[in-house]
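Biologist: I would like to learn how to read the features of a structure step by step. Could we begin with a single contact and then widen the view?

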Amino acid sequence: MSFIHEAILTTPMPEGTTHIAPLGFRHEDGLVVLAPFHPSRTLEHLRAFGQAAISHTDDVRVYAGCLTGRRDWPVLPCEQVRCGRLADALSHHELQVERVDDGDPQRPRFFCRELAVTMHRPFPGFNRAQAAVIEACILVSRLHLLPAERLAHEIDGLGIAVDKTAGEREREAWTWLMQRIAAYRAQHDAAETTL
Ligand SMILES: Cc1cc2nc3c(=O)[nH]c(=O)nc-3n(C[C@H](O)[C@H](O)[C@H](O)COP(=O)(O)O)c2cc1C
């Protein structure tokens with residue numbers, strides 16, 4: 001199994017602005033490997049511009065926000081690539097695509113060289129509520145695949161960490177995700193009753 005980090009990936013958009021999306025990445029032979037699914041704007045931008053930035057943030061609202069229609073997070077320009085990076089990043093990495101492996105057309109792999117790595121603030125340490133929010137983001141991104149009972153069970157477990165260890169930002173992120181799940185369930189249940 002490969003060791004995967006979760007981060008906020010920013011990519012250049014044709015109109016000169018910056019696209020934001022949570023994305024996993026891993027390392028292979030000194031390169032950063034990105035594997036965005038087809039179709040996605042992240043994939044289109046990587047193909048079109050061959051550049052991106054990774055931002056590490058402890059503000060999990062950015063993750064939850066991207067999954068719930070809140071993508072407008074402040075960015076600052078990168079130095080060597082043509083997109084922005086999160087303004088509130090603990091650190092960011094500027095990436096140049098070196099080669100693309102199209103072996104899996106549904107999930108091409110972009111092998112990227114790090115042009116720059118910049119530290120902005122120290123890592124404040126792990127927080128269980130933040131980890132729970134990231135896990136809940138993954139669940140929300142797979143709502144259409146998850147049986148309702150399994151989803152409810154997993155959310156109950158993650159909610160314990162949020163209750164015990166969250167600060168205001170984590171609670172806000174959690175609320176957005178729970179609203180998204182409730183809206184999905186309401187829509188899904190309504191569709192079932194009309195069958
Ligand atoms: C923590 C986390 C990790 C993710 N990792 C990936 C990934 O590695 N590849 C991918 O295609 N989508 C991943 N996603 C889902 C993307 O963020 C989502 O598909 C996003 O909307 C990309 O689509 P877009 O580029 O069209 O905005 C992840 C989501 C989360 C919350």
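Modeller: In this predicted model, arginine 169 forms a salt bridge with aspartate 58, and the closest N and O atoms of the two are 3.6 Å apart.

Biologist: How many salt bridges does the rule find across the interface of domain 1 and domain 2?

Modeller: The rule finds two salt bridges across that interface, and it also finds three residue pairs in polar contact there. On the side of domain 1 that touches domain 2, the largest share, five residues, comes from helix H2, residues 61-67.

Biologist: Where do the two domains lie in the chain, and how is the size of an interface given?

Modeller: The domain assignment gives domain 1 as 5-119 and domain 2 as 128-193, with 13 residues of domain 1 and 14 residues of domain 2 taking part in the contact. The size of an interface is often given as the accessible area lost when the parts come together. Here the area buried between domain 1 and domain 2 is about 1,200 Å², and carbon and sulfur atoms give 74% of it. Val60, Arg61 and Leu67 supply 47% of the area that domain 1 buries against domain 2, more than any other three residues.

Biologist: In what order do the six strands close into a barrel?

Modeller: The order is E1-E2-E3-E8-E7-E4, with antiparallel pairing, and the twist averages 45° from one strand to the next. As one case, E1 (residues 5-12) and E2 (residues 18-28) pair over eight bridges, and leucine 9 has alanine 21 in E2 as its bridge partner.

Terms used:
Residues numbered from 1 in each chain as written. Predicted model: local features only at pLDDT ≥ 70, side-chain atom pairs only at ≥ 80, totals over all residues. Heavy atoms only, no water. Pairing = 2+ DSSP bridges. Helix = DSSP H or I, 4+ residues; strand = E, 2+ residues; numbered from the N terminus. Axes fitted to C-alpha atoms, helices over the stretch in contact; angles between N-to-C directions. Domains from an automatic or database assignment. Contact = heavy atoms within 4.5 Å. Buried area = accessible area lost by both parts, 1.4 Å probe. Salt bridge = Lys/Arg side-chain N within 4 Å of Asp/Glu carboxyl O. Polar contact = N/O pair within 3.5 Å; in protein donor to acceptor, adjacent residues only side chain to side chain.
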